[in-house]
Amino acid sequence: MEHVSAYETPHLPGLPPAGPTASPAVFPTGSPGASPGASPGGSAHPPSAGGLPALQDLDWVALAAELDEEGVALTPPLLTREECAEVRALFDEPALFRSTVTMARHRFGEGRYRYFTHPLPDLVRTLRQRLYPPLAHIATTWAERLGEAGFPHDHEGLVAACAAAGQHRPTPLLLRYGPGGYNCLHQDVYGELTFPLQVAVMLDRPDEDFTGGESVFVEQRPRAQSRPVVKRPRQGQGMVFAVRHRPVRSIRGWSRVTLRHGVSAVHSGQRHVLGVIFHDAR
Ligand SMILES: [Fe+2]
């Protein structure tokens with residue numbers, strides 16, 4: 001995570017141009033390489049072990065509409081209570097991570113987060129690979145609106161484009177906040193190549209495992225005051241939101257609004273979130 005300001009998207013070599021005929025109503029729902037045994041094209045339910053059946057049933061048309069309307073979309077639970085506990089427990093296995101950030105040292109907030117190293121844990125890898133294709137469809141639609149280059153159809157393609165841009169390190173991360181923990185408003189940019197959407201999965205139960213700790217989003221609109229949005233996802237739910245900016249309709253077509261996200265102070269308990277960022281880091 002880098003707490004940075006938005007900058008203009010450069011031309012990204014190696015990426016296909018946004019296709020002018022892409023239909024916003026047809027979403028790819030699976031990636032053939034996502035989980036062993038999953039049927040190519042995602043037409044059948046994947047196996048339950050690591051298959052995350054909830055991913056198969058996501059209504060991407062509704063999620064895309066929610067993103068366009070509000071800049072943030074809440075999914076139904078992606079992980080079961082047991083899967084949330086499984087992912088949360090990984091925080092205490094140092095060998096799984098390439099680095100740990102104590103936020104106060106950088107004045108990013110209060111709390112700690114850890115970046116997974118390769119190989120990513122199964123659940124994390126599956127989420128990253130299977131959420132990517134429909135998000136790439138939305139991302140390419142956004143890119144078309146802003147006159148920018150589109151994105152590869154599968155996550156393998158994005159990883160290859162990241163590698164070509166010198167971005168090799170995995171970015172999925174686990175965040176842990178205790179009482180008093182918070183996260184300053186920021187954007188998760190890790191190099192020249194930025195995939196414009198990310199997903200944060202809530203691993204704890206608000207008001208039971210922790211209090212406070214709301215997810216805060218601030219949209220900075222051109223020639224207007226900033227707009228705050230607060231979300232309180234339930235355990236297992238994912239929040240899909242713009243990493244950096246998104247297109248909004250304006251009288252002159254589409255304009256770019258900047259989004260920053262953060263977390264308000266946790267009052268009690270512990271709050272864990274899995275951050276699924278799709279581009280790799282430099
Ligand atoms: Fe973030």
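**Helices, core and strands**

Author: Helix α1 is followed by Gly 71, whose phi is positive, near 90°. Helices (H or I, at least four residues) and strands (E, at least two) are DSSP runs, numbered from the N terminus. This is a predicted model, in which local features need pLDDT of at least 70 and side-chain atom pairs count only at pLDDT 80 or more, while totals for chains, interfaces and linings use all residues. Residues are numbered from 1 along each chain as its sequence is written.

Reader: Which residues of α1 are buried?

Author: In α1, which spans residues 60-70, the buried residues are Trp 60, Leu 63, Ala 64 and Leu 67. They cover an arc of only 100° around the axis, so they lie on the same side of α1. The arc is that of the directions from the helix axis to the C-beta atoms. A residue is buried if 20 or more other C-beta atoms lie within 10 Å of its own, exposed if 12 or fewer, and partly exposed in between, with C-beta atoms placed from the backbone.

Reader: And what is on the other side of α1?

Author: Ala 62 and Glu 69 are exposed there. The buried residues of α1, for their part, pack against β1 (72-77), α3 and β11 (237-242). Contact here means that the C-beta atoms of two residues, placed from the backbone, lie within 7 Å.

Reader: Turning to α4, which of its residues are buried?

Author: Helix α4 covers residues 155-164, and His 155, Leu 158, Val 159, Ala 161 and Cys 162 are buried in it. Their arc around the axis is only 160°, which puts them on the same side of α4. Among the elements covering them is α3 (122-146). After α4 comes Gly 166, with a positive phi near 85°.

Reader: Why is Leu 158 classed as buried?

Author: Because Leu 158 has 23 other C-beta atoms within 10 Å. Leaving aside neighbours within four places in sequence, Leu 158 is in contact with Tyr 132, Phe 151, Pro 152, Phe 195, Phe 278 and His 279. Phe 195 is 37 residues from Leu 158 along the chain, and their C-alpha atoms are separated by 8.3 Å.

Reader: Which residues touch the most other members of the largest nonpolar core?

Author: They are Ala 139, Leu 158, Leu 197, Val 201, Val 240 and Leu 274, in a core of 63 residues. Helix α3 supplies the largest share of this core, 10 residues. Such a core is a set of buried Ala, Val, Leu, Ile, Met, Phe, Trp, Tyr and Cys residues joined through C-beta atoms within 7 Å. Not counting residues up to four places away in sequence, Leu 274 touches Val 87, Val 124, Leu 174, Val 201 and Leu 203.

Reader: Now the strands. How many bridges join β2 to β4?

Author: Five bridges join β2 (residues 97-102) to β4, and the two run antiparallel. Ser 99 stands opposite Tyr 115 in β4. Strand β4 also pairs with β5 (residues 173-177), in the antiparallel sense over four bridges, and there Tyr 113 has Leu 175 as its bridge partner. Two strands pair if DSSP finds at least two bridges between them.

Reader: Is β4 (residues 112-116) mostly covered or mostly open?

Author: Mostly covered: four of the five residues of β4 are buried.

Reader: Lastly, what is the mean pLDDT of the chain?

Author: The mean is 86, and 83% of the residues reach 70 or more. This score is the predictor's confidence in each residue, from 0 to 100. Over residues 4-24 pLDDT stays under 50, and over residues 31-49 the pLDDT is below 50.
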